Each structure stands twice: as C-alpha cells, then as structure tokens.
Amino acid sequence: MKRRSEDFRQLLRLWGEKAYNFAYRLSGNEQDAQDLMQEAFMRAYTHFSSYDRTRPFDSWLLRILHNIYLDGVRRYSHNHMVSLDIHSPANGSAWEQVLPDQQAAPGDEIVRRETDEMVQKALNSTPVHYRTAVTLRDIEGLSYEEIGKIMGCPVGTVRSRIHQGRVLIRRAYEALEKEGKIQ
Amino acid sequence: MSACQDQSLLSAYLDQEINIRDQERIKFHLASCDSCRSELESLRLTKATLFAAPRRAAPPELIARIEGKLSGPFPSYNHSWTGGLPRLGIPVGALATALIAALWLGLKQKDPDHYLPLEPLMTAHSRYTAESLVPQGTLASSDYSLLAYGDYEDPDAD
C-alpha cells in the first residue's frame with residue numbers, strides 16, 4: 001500500500017500542474033479549481049484498480065476531473081461554478097496568488113494579466129462543452145482523439161466543438177477588447 | 001469544402017487533424033477564397049492567444065493536502081481481512097471457493113425441485129460399474145434414473 005501511495009504521489013507531481021490548469025480554465029476561479037483537482041485525484045486514487053494502464057494516466061485523470069465538473073454544473077447552477085463577477089480573478093485576490101513572472105517588466109505584467117483575464121472571461125462565457133474542447137486542444141495541446149476519450153464523444157463532435165468554441169471565444173474576446181479592457 | 005460549406009474543417013486544418021486529401025482540398029480552396037482565408041487567420045489568432053495564456057501552478061498547500069490524503073487506504077487493493085494472509089490468500093481463497101461450490105452443488109442435488117443434467121454422471125457410473133469400481137446397482141435403483149438428460153430444464157432459461 002505504501003508503495004502504491006508513493007507511486008501515486010509521483011503521478012500527482014507529474015500531472016498535478018496539468019490537472020490544475022485544466023481545472024482552473026474550466027471553473028474560472030482558484031477555489032473551484034482546487035476543489036476539482038483534489039476531488040479528481042482522490043477519486044483516481046480510490047479507483048486506481050479500474051485504470052487501464054495501457055492508456056495515458058493524464059487522459060484518465062482529466063476525464064475524471066471533467067466528469068466531476070459536469071456533475072457540479074448539473075447539481076448546482078452554472079453561475080455557482082463559473083460566475084463572471086463573484087469569482088473573477090480580477091475582482092478578488094486570486095490573481096495575487098498566481099506566481100508572478102519575475103522577469104517581466106511591471107507594464108508587461110499588467111498587460112499579461114489583463115490579457116489573461118480576458119481569455120478567462122471569454123472562456124467562461126462559452127458553453128461548457130465548447131470551453132472544454134477548446135481548453136483541451138489549445139491550452140493543454142491534446143489530440144482530437146484524446147479529447148474525444150476525455151469528453152466521451154466521437155472525433156467528429158470534437159472537431160465541431162473546437163471550431164464552434166473558437167468562434168464563440170473569439171467573439172467574446174473581441175467584445176471585451178472593444179470595452180477597452182486592454183491597454 | 002468547395003463552396004465554404006463546412007468551416008469546421010478550417011479548425012481541423014489548422015490543427016492538422018484531417019487526412020491529406022482533405023488538407024489538399026482545403027489548401028486549394030483557400031487559394032481562391034478570401035472569406036475562408038480571413039476565417040482561418042482569425043482562428044489562428046484565437047488559438048495563439050489561448051496558447052499564450054499563462055499556465056496556473058497548483059498551490060503548494062493543495063499538493064501537500066492531497067499528498068496527506070494519499071496516506072489513506074487503497075480500498076480497491078487493500079482489504080483488512082486479507083492483510084494477515086499475504087501469500088496464502090489466493091490458495092486459501094481458491095480452496096474455500098471450491099468447498100463452497102461443492103457444498104452448494106450437494107444441496108442443489110438434494111432439492112427435489114431442481115433438475116440437474118445427470119447423463120455424464122450416469123455414463124461414468126455405468127463405466128465404473130462395468131469395471132466393478134463401485135458396488136452394483138447403487139445409482140440404477142435410485143430415483144436419479146428418472147432424470148434423464150433430455151428431461152433437464154434449465155431453471156435460468158427464459
């Protein structure tokens with residue numbers, strides 16, 4: 001048991017960052033991302049015997065995380081998980097907890113944060129299936145096939161979700177730009 | 001995509017997630033379609049913006065919290081009742097299963113309402129009888145002779 005526990009710690013160190021980033025982009029805020037990641041790892045740990053070791057661990061983990069998120073969205077309201085106002089990093093202290101880029105000049109850092117804020121707001125404004133597909137592709141860099149396995153849908157569906165998602169995100173992003181959010 | 005019918009192919013084209021034939025077809029179409037070229041450029045920009053978004057690092061306290069929870073039991077692997085039988089667990093378990101199965105079959109045969117296929121048993125009995133391995137007439141005189149294989153009804157059958 002100790003050995004398995006140690007193995008799992010290794011997996012946590014290997015895939016923790018990827019899982020957390022995905023959780024953050026899905027939920028749109030630090031607190032929900034932490035809850036999602038913790039729940040996903042604990043479920044993976046508990047049900048490790050059902051993991052098919054011939055397949056990548058990260059895909060299995062992200063699938064668990066995605067399912068937990070969808071359960072949460074269904075159980076509570078959409079706004080509870082991805083509120084644009086209450087949980088927006090720009091309005092809270094969450095951004096201060098993000099590791100700052102020590103090399104960047106202060107002006108660059110502000111632009112970077114604002115751009116990132118707009119990216120997250122654009123993602124938040126997009127329906128969950130599109131947001132998930134685009135996040136897995138453009139942020140996590142997964143193939144369509146891997147995304148299909150995580151989301152439990154055919155590659156053709158992944159393709160249309162990614163395209164539609166990009167179109168919606170672009171529109172939202174452009175609208176935010178017009179509001180003068182970026183300098 | 002000869003007449004811009006399916007623009008979702010543009011995203012797949014951008015991601016190199018289509019076959020070579022479609023790729024060539026789209027390339028050919030793009031050469032003569034300003035609208036699709038503009039759409040492709042827009043998609044490329046969106047993809048680049050998302051890719052450039054900074055990655056979130058999991059807070060160290062979250063990692064520590066999860067690691068702390070990993071010291072708990074592995075429910076699917078670890079059962080307290082097998083904890084004292086690390087090496088004997090499998091053979092003892094197999095023996096116990098065999099004994100339970102034998103006992104269950106014995107009880108089933110005593111159940112008058114439950115019919116079992118006895119043809120193999122009768123064949124074996126006949127052979128053993130012919131070879132004088134068992135006392136004569138033991139099974140032939142019993143009620144089992146009424147349960148020929150053809151009369152067997154599978155209780156689980158629809």
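Good morning. I begin with the largest nonpolar core, which has 58 residues; Phe8(A), Met37(A), Phe41(A), Phe57(A), Leu65(A), Leu136(A) and Ile66(B) are the members that touch the most others. Please keep in mind throughout that this is a predicted model. The greatest contribution to this core comes from helix α3 of chain A, residues 57-75, which supplies 10 residues.

Which residues does Leu65(A) touch, not counting residues up to four places away in sequence? They are Ala19(A), Phe22(A), Ala23(A), Leu26(A), Leu36(A), Met37(A) and Ala40(A). Another core lies apart from the largest one; it has 12 residues, including Val134(A), Ile169(A), Leu176(A) and Ala53(B).

Is Thr132(A) buried or exposed? Its relative accessibility is 0%, and therefore Thr132(A) counts as buried. Setting aside its neighbours within four places in sequence, Thr132(A) is in contact with Phe22(A), Leu26(A), His66(A) and Met151(A). Two of these, Phe22(A) and Leu26(A), are also touched by Leu65(A). The side chain of Thr132(A) has a polar atom 2.7 Å from the backbone oxygen of Val128(A). Arg161(A) is 29 residues away from Thr132(A) along the chain, and the C-alpha atoms of the two are separated by 8.9 Å.

My last topic is the interface. In chain A, 49 residues are in contact with 39 residues of chain B. Between them the two chains bury about 4200 Å², and carbon and sulfur atoms account for 59% of that area.

How many salt bridges does the rule find across the interface of chain A and chain B? There are eight. One salt bridge joins Arg166(A) to Asp15(B), with the closest N and O atoms 2.9 Å apart. As for polar contacts, 20 residue pairs between chain A and chain B are counted, both residues being at pLDDT 80 or more.

Which helices of chain A each supply at least two residues of the side that touches chain B? They are α1 (2-27), α2 (30-46), α6 (106-124), α7 (128-139) and α9 (155-178). Of the elements on this side of chain A, α1(A) gives the most, with 13 residues. By type, the residues of chain A that touch chain B comprise 22 nonpolar, 11 polar and 16 charged.

Thank you for your attention.

How values were computed: Residues are numbered from 1 along each chain as its sequence is written. Chains are lettered from A and ligands numbered from 1 in the order in which they are written. This is a predicted model: local features need pLDDT of at least 70, side-chain atom pairs count only at pLDDT 80 or more; totals for chains, interfaces and linings use all residues. Side-chain values use heavy atoms; hydrogens and water are left out. Contact means heavy atoms within 4.5 Å. Buried area is the accessible area (1.4 Å probe) that two parts lose on being put together, summed over both. A salt bridge is a side-chain nitrogen of Lys or Arg within 4 Å of a carboxyl oxygen of Asp or Glu. A polar contact is a pair of N or O atoms within 3.5 Å; within protein, one must be able to donate a hydrogen and the other to accept it, and residues adjacent in sequence count only if both atoms are side-chain atoms. Helices (H or I, at least four residues) and strands (E, at least two) are DSSP runs, numbered from the N terminus. Ala, Val, Leu, Ile, Met, Phe, Trp, Tyr, Cys and Pro count as nonpolar, Asp, Glu, Lys and Arg as charged, and the others, Gly among them, as polar. Buried means under 20% relative accessible area, exposed over 50%, partly exposed in between (1.4 Å probe, protein chains only). A nonpolar core is a set of buried Ala, Val, Leu, Ile, Met, Phe, Trp, Tyr and Cys residues joined through side-chain atoms within 4.5 Å.
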